[in-house]
Amino acid sequence: MIIKRNHSFHLVDQRPWPLTGAIGALTLTTGIVKWFHEFNFLLLILGKLILITTCIQWWRDIRREGAFQGLHTSIVEKGLRWGIILFITSEVLFFFSFFWAFFHRRLSPTLEIGRFWPPQGISPFNPFQVPLLNTIILLSSGVTVTWAHHRLIERNHSQAYISLLLTVALGGYFTALQGLEYWEARFTISDSVYGRTFFVATGFHGLHVIIGTTFLLVCFRRLSANHFSFNHHFGFEAAAWYWHFVDVVWLFLFITIYWWGI
């Protein structure tokens with residue numbers, strides 16, 4: 001039986017991924033609680049595996065719908081654009097809460113920490129060593145991902161491969177330097193409010209860098225498989241938007257927490 005469609009919208013087929021995603025999220029949060037109270041992380045690992053499997057399968061279906069089945073029309077793509085814009089907006093508000101906490105403590109230190117900042121006993125990082133290097137790395141990666149985008153639009157896939165691979169390498173290098181910085185830190189997350197705001201803010205940013213690097217690595221694999229064309233590549237464009245967001249957040253972290261906050 002032939003079903004005639006008289007609209008440009010994409011009505012998705014019934015799939016189990018929303019259900020398995022909800023089960024995975026419930027298992028993950030329950031596993032975190034179990035890990036905190038009983039130091040047993042097996043349920044946590046199970047929740048992670050369910051969520052990762054769900055994401056892989058669900059995104060595989062979206063990739064097929066957009067790249068092979070032609071279901072991502074201009075109207076559908078407009079909805080996807082608004083979706084990623086709202087997602088990044090929510091991420092901006094997420095990091096805004098960390099900056100709010102830092103500014104509150106930085107501008108009015110309490111009596112418990114001696115009414116000065118940083119608190120006594122805290123040896124902050126020199127902002128002009130590894131933090132400055134990481135800033136240069138992330139800004140350079142923003143240039144290379146923009147280069148890759150423009151080369152893709154101009155149908156120069158060979159340069160798009162090189163620049164996108166370079167972006168992924170820079171993201172990995174940033175993560176390695178951030179891990180080394182944590183390893184050599186002379187304070188911990190339990191060292192007063194400074195340690196907590198520093199490691200929570202920079203740690204969540206580091207997590208977003210890892211997610212963004214994975215996002216770009218998937219885009220590199222799709223680019224190699226010719227899933228993107230010069231006029232139909234929103235998956236790559238969304239990854240580039242997310243990466244620029246990560247760059248901007250790091251600039252604020254470097255200026256406020258690393259430089260002004262010492």
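1. Basis. In this predicted model, local features need pLDDT of at least 70 and side-chain atom pairs count only at pLDDT 80 or more, while totals for chains, interfaces and linings use all residues. Residues are numbered from 1 along each chain as its sequence is written, and side-chain values use heavy atoms, with hydrogens and water left out.

2. Overall fold. The protein chain has seven helices and zero strands, in the order α-α-α-α-α-α-α along the sequence. Helices (H or I, at least four residues) and strands (E, at least two) are DSSP runs, numbered from the N terminus. The C-alpha trace spans about 75 × 45 × 30 Å along its principal axes. Of the contacts between residues at least 6 apart in sequence, 75% join residues at least 24 apart; a contact means heavy atoms within 4.5 Å.

3. Surface and burial. The accessible surface of the protein chain is about 15600 Å², and 69% of this belongs to carbon and sulfur atoms. Areas come from the Shrake-Rupley method with a 1.4 Å probe, and for residues only the protein chains shown count as cover. Of the 262 residues, 39% are buried. Buried means under 20% relative accessible area, exposed over 50%, and partly exposed in between (1.4 Å probe, protein chains only).

4. Nonpolar patch. Trp35, Phe36, Phe41, Leu42, Ile45 and Leu49 make a nonpolar surface patch of about 650 Å². The elements giving two or more residues to this patch are α1 (17-38) and α2 (42-67), and α2 gives the most, with three residues. Patches are made of residues with over 30% relative accessible area and no salt bridge; like charges are joined within 9 Å, and nonpolar side chains (Val, Leu, Ile, Met, Phe, Trp, Tyr) within 5 Å. Leu49 is in helix α2 and counts as partly exposed at 49% relative accessibility.

5. Helix α2. This helix has 26 residues and reaches 37 Å from its first C-alpha to its last, close to the 38 Å expected at 1.5 Å a residue. The expected span is 1.5 Å times one less than the number of residues. Which residues of α2 are buried? They are Leu44, Gly47, Thr54, Asp61, Glu65 and Gly66, and the buried residues of α2 pack against α1.

6. Salt bridges. The whole structure holds seven salt bridges, each a side-chain nitrogen of Lys or Arg within 4 Å of a carboxyl oxygen of Asp or Glu. One of them joins the side chains of Glu38 and Lys34 (2.9 Å, N to O). These two residues are four apart in helix α1, so about one helical turn separates them. Glu38 is exposed at 53% relative accessibility, whereas Lys34 is partly exposed at 29%.

7. A second pair one turn apart. Glu77 forms a salt bridge with Arg81, with the closest N and O atoms 3.2 Å apart. Both lie in helix α3, four residues apart, about one turn of the helix. Glu77 is buried at 15% relative accessibility, and Arg81 is partly exposed at 25%.

8. Charged network. Salt bridges that share partners join Arg15, Arg60, Asp61 and Glu65 into one network. Within it, the side chains of Arg60 and Asp61 meet at 2.9 Å, N to O. Arg60 is partly exposed, with a relative accessible area of 25%, while Asp61 is buried at 8%.

9. Aromatic pairs. A search of the whole structure finds 33 aromatic pairs. The rings of Trp250 and Tyr258 have centres 5.4 Å apart and planes at 50°, so this pair is tilted. Rings of Phe, Tyr and Trp (its six-membered ring) pair if their centres lie within 6.5 Å; planes under 30 degrees apart count as stacked, over 60 as edge-to-face and the rest as tilted. Trp250 and Tyr258 are both buried.

10. His208 is in helix α6 (residues 192-224) and is buried, with a relative accessible area of 5%. Leaving aside residues up to four places away in sequence, His208 touches Glu91, Phe94, Phe95, Tyr242, Phe245 and Val246. Tyr242 is also 9.4 Å from Phe87, C-alpha to C-alpha, at 155 residues apart in sequence. Phe87 is in helix α3 (residues 74-107) and is partly exposed at 38%.

11. Backbone angles to check. Arg155 has a positive phi of about 65° although it is not a glycine. Arg155 is in the loop between α4 (130-153) and α5 (157-183) and is exposed at 56% relative accessibility. Ser192, in helix α6, is another residue other than glycine with a positive phi, near 60°.
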